[in-house]
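User: Got a model here that I'd like to talk through. Can you walk me through what stands out?

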Amino acid sequence: MRILALETSCDETSAAVLEITDSRFNLLSNVVSSQIKLHQPFGGVVPELAAREHLRNVLPVITEALGDLKPENIDALAVTIGPGLMPALMIGVETAKTLAYAWQKPLYPVNHMEAHVYANWLEHSEKIQFPILGLIISGGHTELVLIKNHGQYKLLGQTLDDAVGECFDKVAKMLKIGYPGGPLIEKTALSGNPQTYKFPRPLLDQPNFDFSFSGLKTSVLYFLQKNFPEVEKISPAELADICASFQAAVSEVLIQKTLRAAKKYKVKQILLAGGVAANKTLRQNFLATIEKEKLVLELIFPELKYCTDNAAMIAMAAYFQTLKKSAPALNKIKVDSQLDIT
Ligand code: KG4
Ligand code: ZN
């Protein structure tokens with residue numbers, strides 16, 4: 001079967017076609033049109049601007065993703081219904097419903113966070129074995145979930161305030177290094193020493209699986225006010241040390257809490273998911289800690305381009321729905337900007 005999927009939950013307009021033959025996956029296309037430049041001057045995503053840009057791009061992106069394929073070559077459609085920005089989600093959902101109606105194809109509604117987890121199936125489907133621990137880290141979410149089987153999630157812990165990606169973005173804004181902050185902090189940190197400054201490791205000493213990043217963000221703010229009141233005058237070497245030290249604090253909390261949960265729930269695999277999973281330093285630190293602690297644990301993460309928002313992961317999540325149920329009626333499919341994974 002072939003699934004055409006759409007993703008418009010935030011600032012990427014994406015369409016993908018996934019072909020599934022005898023349980024083997026062949027991603028025929030995954031077109032992503034990014035709006036980063038549009039939102040850059042505002043230092044964050046402006047929902048109405050995002051929606052307008054999705055509207056402009058959605059049909060060209062779908063046309064490109066389809067290539068030579070005709071509607072009759074598509075068996076099912078899929079679309080992100082949430083969580084995300086309401087006006088942005090609406091464009092994808094209304095477009096998908098219109099196509100489903102016109103082409104008379106089933107339409108599967110997809111949870112964006114669940115799809116981030118499913119990004120791992122694009123390349124690692126053969127090695128993934130339940131139960132697995134999932135660390136979902138994006139611009140809006142920080143969640144540790146026990147994945148017992150397809151669609152069966154137990155939420156073990158989550159952020160009590162800011163999401164980890166949001167914290168990266170806000171610290172980057174304080175340092176005036178640009179938007180989106182995550183990749184820029186990672187790049188700046190490469191030449192820095194992560195041990196230069198000791199930023200707090202929030203909730204690390206608490207025996208739960210919750211996170212908190214707002215205090216870390218504030219402590220970076222106070223640190224800057226005290227030591228570098230004129231951010232523009234921070235030297236490149238100092239900036240690198242600050243970014244590396246901040247990233248080390250975030251990594252340590254994420255890694256230690258995840259490994260504790262892995263031990264408690266006796267899983268053998270950890271899946272990373274979401275935009276922050278694209279952080280190579282985090283991945284390396286994870287692998288190094290697993291090795292240092294001699295843990296029998298496999299760390300699985302999507303290829304970089306499937307960590308951030310894309311429609312390939314939406315198609316993959318939809319495929320596992322097709323195995324279990326038929327698609328709902330179109331009038332039952334509604335945007336839910338606050339949709340949970342559990
Ligand atoms: O999953 P995603 O593309 O969108 C949401 O569903 O939120 O995640 C976007 C978030 C942003 O906060 C961005 O700064 C962060 O992921 N991010 C990174 C990296 N690449 C993207 N954070 C740290 N390091 C990266 N390399
Ligand atoms: Zn996302």
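**Fold and zinc site**

Analyst: Twelve helices and ten strands make up the chain's secondary structure (DSSP runs numbered from the N terminus, H or I of at least four residues for helices, E of at least two for strands). With a radius of gyration of 20 Å, close to the 20 Å from the globule rule for 342 residues, the chain is as compact as a globular protein of that length (C-alpha atoms only; the rule is 2.2 Å times the number of residues to the power 0.38). This is a predicted model, where local features need pLDDT of at least 70, side-chain atom pairs count only at pLDDT 80 or more, and totals for chains, interfaces and linings use all residues. Residues are numbered from 1 along each chain as its sequence is written, chains are lettered from A and ligands numbered from 1 in the order written, and side-chain values use heavy atoms, with hydrogens and water left out.

User: What coordinates the zinc ion (ligand 2)?

Analyst: His112 (NE2), His116 (NE2) and Asp309 (OD) do, at 2.0 to 2.1 Å. Donors here are N, O and S atoms within 2.8 Å of the metal (3.2 Å for Na, K and Ca), and water is not among the atoms, so sites may look incomplete. The spacing of the donor residues in sequence is H-x3-H-x192-D. Histidine 112 in helix α4 (residues 112-118) and aspartate 309 in the loop between α11 (304-307) and α12 (312-322) are 197 residues apart, so the pair links distant parts of the chain.

User: Is histidine 112 buried or exposed?

Analyst: Histidine 112 is buried at 5% relative accessible area, and aspartate 309 counts as buried too, at 13%. Buried is under 20%, exposed over 50%, partly exposed in between (1.4 Å probe, protein chains only).

User: Switching topic: which peptide bonds are cis?

Analyst: One is from glycine 82 to proline 83, with omega near -5°; proline 83 is in the loop between β4 (76-82) and α3 (86-103). Another runs from tyrosine 179 to proline 180, omega near -10°, with proline 180 in the loop between α6 (164-174) and α7 (181-189).

User: And where is lysine 294, the one with positive phi?

Analyst: Lysine 294 sits in the loop between α10 (280-292) and β10 (298-300). Its phi is about 50°, although lysine 294 is not a glycine, and the residue is exposed at 71% relative accessible area. Glutamine 104 also has a positive phi, near 55°, and counts as exposed at 62%.
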